[in-house]
Amino acid sequence: MNKPGTKARGRSSFIIVGTTLVFLGIVARSVVRADAAIPDATDPMDATNSFLNNMHITADFDGNSEEMTSFAAAAAQNQSLLWGPYRPNIYFGTRPRLPDTVMTGLMWYGTQDYAGVDNMRHGCEERDGFEKYGWLKGDGRTFGIQQLKDTRNNVELTTDFIKIPGGDLGGSWGARISGKPIREGEPMSIAAMYYIGVDGEGELKLDPSQFVESPITFDGNAKDLGDFEFTLEQTKGANKKDPVYFFGAGIPSGTLWRVKDFVREVIVHKTQELQAAGEVNLTPRELYSLPNQFFNGKPAVLVFQMNYDSEFEFEIRFNSKSSPNPVTSTVIDTELTKAVDAFDERFEKTFHLEKHGYNDSMIEFAKATMSNLVSGIGYFYGSAVVDESPTYEDGQNDHLEGPVARRPNPNPKVTAPASLFSAVPSRSFFPRGFYWDEGFHQTLIGQWDNDLSLEIIESWFNRQDQDGWIQREQILGDEARSRVPAEFQVQYPEHANPPTLFKAISLYLNRLHNASQTIAANTHEGSKQTPFETENILKHDVTNTRLINSALAAEYLTRLYPKLKLNYDWMRATMRGGIREYGRQSRSRVEGYRWNGRTLTHTLTSGLDDYPRAPSPSVGELHVDLLSWIGFMNRNLQSIAAIVGEEDDVEELEDHYKAIVANVDDLHWSEEHKAYCDLTVDSEDISYHVCHKGYISLFPMLLGLVDPESEKLGHVLDLMYDPEEMWSPFGLRSLSKKDESFGTGENYWKGPVWININYLAVHSLRENYISKGPYQDKAKKIYNELRDNLINNIYNEYERTGYVWEQYNDTTGYGQRSHPFTGWTSMVVLMMQMGRAE
């Protein structure tokens, strides 16, 4: 993965005092103007990044027209998705998909000794040493149930979240936090805190005299949320009648995310006052309880503290004043039960794991893995740091490595704030958006919730600049930057990641194809069922509106297509490499590409970081994985262009594709090595192959560019299945065991098993090679064995450790590096769904 290590960054103290689917019958009639301008990356983006706020309604809008259907569909999505646990970087918290608004969150620390407060839990951190944490069930829209096993504090927490629709401002919600000892017979002593804040326009209407005991209720309001009411109530446990402690503070705008720092400073201040007054024999609980005071004027954040030494439960209930459906403790009970039952039923209908013969334990594993991905979706808002200063021309100062050195006058600048709605690779280590990862995330999210996936895909393309560039790592705002070393924060507009979102779009086109066939079959059989009605959008299934309604599907693709095409054109122009300049013979003079941003040891832009490439960076390099990705982009653009009626583009793209496929063989096939390889040049500018067999050797096959009849496919399959090369009992190694770089240096992509590339292998074998061509029997054998190896090892490691992992050791199968890594490793659920090939 192309991700830096992270570390906490110091912050200043809080100062308390003074402070082609023809059968669909799709007609590309869109509500959106096809010539709408592509937003600049530095322009302020719409806060929600949703269709409702980015569409351009035509002047002849008619409440009975298709425009109303589009508008109603968008409004339904916003209502359904406005609130959520969209703060994946912390153990539990809520916020709406709005900037500078209401945010809430959970914190706790042990009070068994005086050191507990120094290990306050808030942000997800591997160093906290949890036995296990993650969502057990969650649908990404309505509810979630999470388990957190804090071994060091001997407490197992459960966080339940449920949304209750009503009104026109996203409805209401309830959160239930419960806890119990992990080890019975051993003491459990914790201080649980819950905070509520308004980080922007709005206010909390607080009366401290009402904060004596549970339940505590207060009102507030915020921009785009209107008036609301919060209630905190201790509902179960021996401590439920104990006092509730609190503090409130006025804080600078944009700093609510630093609430843990504020709380620690308040506790330190109180401790110093008590010590100065001669109070030296207090217990940790007495010493560290919040002071029941407000600081710095009118509070923008309010923190409650409850102390527990046995099993407990408390609730936080948010009731929108626009909703006629109040959230109560009884409502939480009832609606959670309904949501869990609906989830279990929908999960089986979607993935068919019982049908495939999986036992209950493996099905629960699959549910938790998928739930961690969809319940880990976040809403991010803030500025980025981009350096658009000129670089040296190719051929000048080529010895200089890295984007800073390649600029005569580096000039990073902070952009205007923007938003992103995205899943994340890892809540503990990579809690932000990565382009390379997100396309893989959407393969699973799209299968589970089609329209949620489309919202996320569009949010990413709304981050595109006027040239077609999308920042490969979305580090938006101070909170995100606080977890990224400074040298990795700057984004460079000549750098790209593999266009994996096109994989997610490809799978959407497949689902659209299948849905249209189902609708056509119903129509042929004389069914009177209407495929889609506006009422169904608003009241029923908002997860599949752009599957069951062809007009909405066409409208979405028509709106998205210009951005996809612009991104494709930008990739081809920015990443183009030399062919004729180095005497290379190929059928196309232009279809050859190289990753920008190469250094001697890394190609971060490729996503394969330390995977060995040419001995030194050169403008004469050509990279086979990049050419394969551009071919994959092209093939999907062709399909969409045909749907939306861009016939000229279809013809042009077909010509490009033929040239790309030809050049994959002409340029990158090494007859000597019987493998696809990179190219570079020597000191005399003579071109030669650089063959480090491994993942890059597979890309033409992974992305379906190799003909099933081709003899080259046979050699690719041999490479995959050879235990002295790529084959291991736990999945395909990233680099051949025979390669001199295997297991050396950082050893990130030099041997370990990565699930995203293994998924591409399994999926491509099934879709392209197990039922056609002379190698289908071998392809089927590899497919079945590889799929079984991956599923069994990921599941076994989950059972052994409590987590899914970033990568797996090719010798032991043990999970390695960051965890929980419920980003692309969650695609194991899709492999389980695929079933065996008979």
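Colleague: Which residues does serine 389 touch, not counting residues up to four places away in sequence?
Modeller: The model is a predicted one. Serine 389 is placed in the loop between strand S17 (385–387) and strand S18 (412–414). Leaving out residues up to four places away in sequence, serine 389 touches Arg407, Asn409, Pro410 and Asn411.

Colleague: Is serine 389 buried or exposed?
Modeller: The term buried applies under 20% relative accessible area. Serine 389 has a relative accessibility of 11%, and therefore counts as buried.

Colleague: At what distance does a polar contact join the side chains of serine 389 and aspartate 387?
Modeller: The side chain of serine 389 also reaches a backbone atom, the oxygen of asparagine 409, at 3.4 Å. Between the side chains of serine 389 and aspartate 387, the polar contact is at 2.5 Å.

Colleague: Which cysteines form a disulfide?
Modeller: The criterion is a pair of cysteine sulfur atoms within 2.5 Å, and the count by this rule comes to one disulfide. The sulfur atoms concerned are 1.9 Å apart, and they belong to cysteine 677 and cysteine 691.

Colleague: How many residues apart in sequence are the parts that the pair of cysteine 677 and cysteine 691 ties together?
Modeller: The two cysteines form a disulfide. Cysteine 677 lies in the loop between S24 and S25, while cysteine 691 lies in the loop between strand S26 (687–690) and H16. The pair therefore ties together parts whose separation in sequence is 14 residues.

Colleague: What is the handedness of the disulfide of cysteine 677 and cysteine 691?
Modeller: Cysteine 677 is buried at a relative accessible area of 1%, and cysteine 691 also counts as buried, at 19%. The torsion about their S-S bond is about 100°, so the disulfide is right-handed.

Colleague: Why is helix H16 largely enclosed by the rest of the structure, and which elements do its buried residues pack against?
Modeller: Helix H16 covers residues 695–702, and eight of the eight are buried, so the helix is largely enclosed by the rest of the structure. Among these buried residues are Tyr695, Phe699 and Leu702. The buried residues of H16 pack against strand S24 (675–676), strand S25 (678–681), helix H14 (624–644), helix H15 (647–668), helix H17 (711–721) and helix H18 (755–769).

Technical notes
Residues numbered from 1 in each chain as written. Predicted model: local features only at pLDDT ≥ 70, side-chain atom pairs only at ≥ 80, totals over all residues. Heavy atoms only, no water. Buried < 20%, exposed > 50% of the residue type's maximum accessible area, 1.4 Å probe, protein only. Helix = DSSP H or I, 4+ residues; strand = E, 2+ residues; numbered from the N terminus. Contact = heavy atoms within 4.5 Å. Polar contact = N/O pair within 3.5 Å; in protein donor to acceptor, adjacent residues only side chain to side chain.
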